[in-house]
Amino acid sequence: MMQQWAAVVAIAVPLLLLVARKARAGVDRADAEARAARAAEALVAEEAAEDRRRRRVDNASKAPRYLVVVDFECTCEDQEEPFLHEIIEFPAVLLDLRTGREVRHFHAFVKPTERPVLSDFCSRLTGIDQATVDKAEPLDRVLVRFGAWLDEFAGEDYSLAADCQSDLRHFLLPECRRKKIRVRDAWRAWVDLGRHLMVHFDLRRPGNLQMKLAKVGLAYEGTPHRGIDDARNIGRLALALQARGVSLTVNDGVVRPRRPAVTKKEKRLRSREEEARRRRSSRPVVVDW
């Protein structure tokens with residue numbers, strides 16, 4: 001009987017070892033296949049990101065099909081001290097640079113939420129009264145409508161444009177950052193028409209909108225500080241520059257920082273800490289027995 005059990009064990013153990021080895025090989029193969037799949041997905045994602053970056057660089061080096069001209073009116077006070085502006089009028093004019101004409105426009109009033117009551121100075125300057133902004137939508141909802149309008153009529157072949165850097169750099173993007181409103185990457189770069197004007201005419205300062213228009217032989221049409229009128233006049237300026245041979249390429253923008261900015265003071269403190277750490281490490285070690 002013992003001999004029979006010994007024979008069974010002698011046969012069963014190698015079989016079990018063989019099964020275990022095959023199972024282990026199967027697990028290793030599955031793990032290797034999973035790693036390969038993950039590596040392939042990472043490679044595809046990296047190639048897609050590189051393709052998007054290449055397209056952004058290519059688009060920045062040439063004029064787009066459409067130019068979306070914006071000129072925001074914001075809350076304000078009759079003061080020189082710093083003021084957190086909120087957009088209260090959101091106009092955009094869509095220019096077709098191939099045909100050289102305005103094709104559509106977007107317009108919305110915006111309800112301020114940080115300082116909901118307009119100052120008398122702001123109402124006099126912009127012509128926008130309190131009742132108008134009270135019944136308007138807040139900025140996040142207006143941006144949803146604006147994005148849908150862009151998708152329908154401009155697609156992806158467009159660039160935002162303004163007559164200076166203030167509208168996007170100082171108004172739209174900071175307000176979205178404060179209110180945690182997500183913006184499209186395409187809105188972080190734009191065409192600064194004032195800068196194009198300065199380069200073309202070799203100017204040190206472009207002046208206000210009326211002066212910019214006069215430089216290309218145009219007069220302002222409409223009411224100053226009415227957002228939609230300002231945007232249309234800036235559009236006329238853009239088309240006049242294009243007619244003079246100016247390529248309306250992206251020439252301004254902001255980059256989302258990958259890490260918090262380090263001040264000079266912090267750099268000095270870090271260098272001092274590194275120097276102190278280096279000196280401590282270079283001191284001889286004394287052991288007292």
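How much space lies in the second largest pocket?

Author: This is a predicted model, in which local features need pLDDT of at least 70 and side-chain atom pairs count only at pLDDT 80 or more, while totals for chains, interfaces and linings use all residues. Residues are numbered from 1 along each chain as its sequence is written, and side-chain values use heavy atoms, with hydrogens and water left out.

The second largest pocket holds about 560 Å³ of space. A pocket here is an open set of points on a 1 Å grid over the protein atoms alone, with protein on both sides within 12 Å along at least five of seven lines; a cavity is a set where a 1.4 Å probe fits but cannot get out, and lining residues have an atom within 4 Å of a point. Points are joined across faces, edges and corners, and a volume is the space filled by probe spheres set on them.

The lining of this pocket numbers 24 residues, and Asp71, Phe72, Glu73, His225 and Asp230 lie nearest its centre. Two or more residues each come from strand S2 (73-74), helix H2 (120-126), H5 and helix H7 (209-215). H5 gives the most, with 4 residues. Helices (H or I, at least four residues) and strands (E, at least two) are DSSP runs, numbered from the N terminus. By class, the lining has 10 nonpolar, 8 polar and 6 charged residues. Ala, Val, Leu, Ile, Met, Phe, Trp, Tyr, Cys and Pro count as nonpolar, Asp, Glu, Lys and Arg as charged, and the others, Gly among them, as polar.
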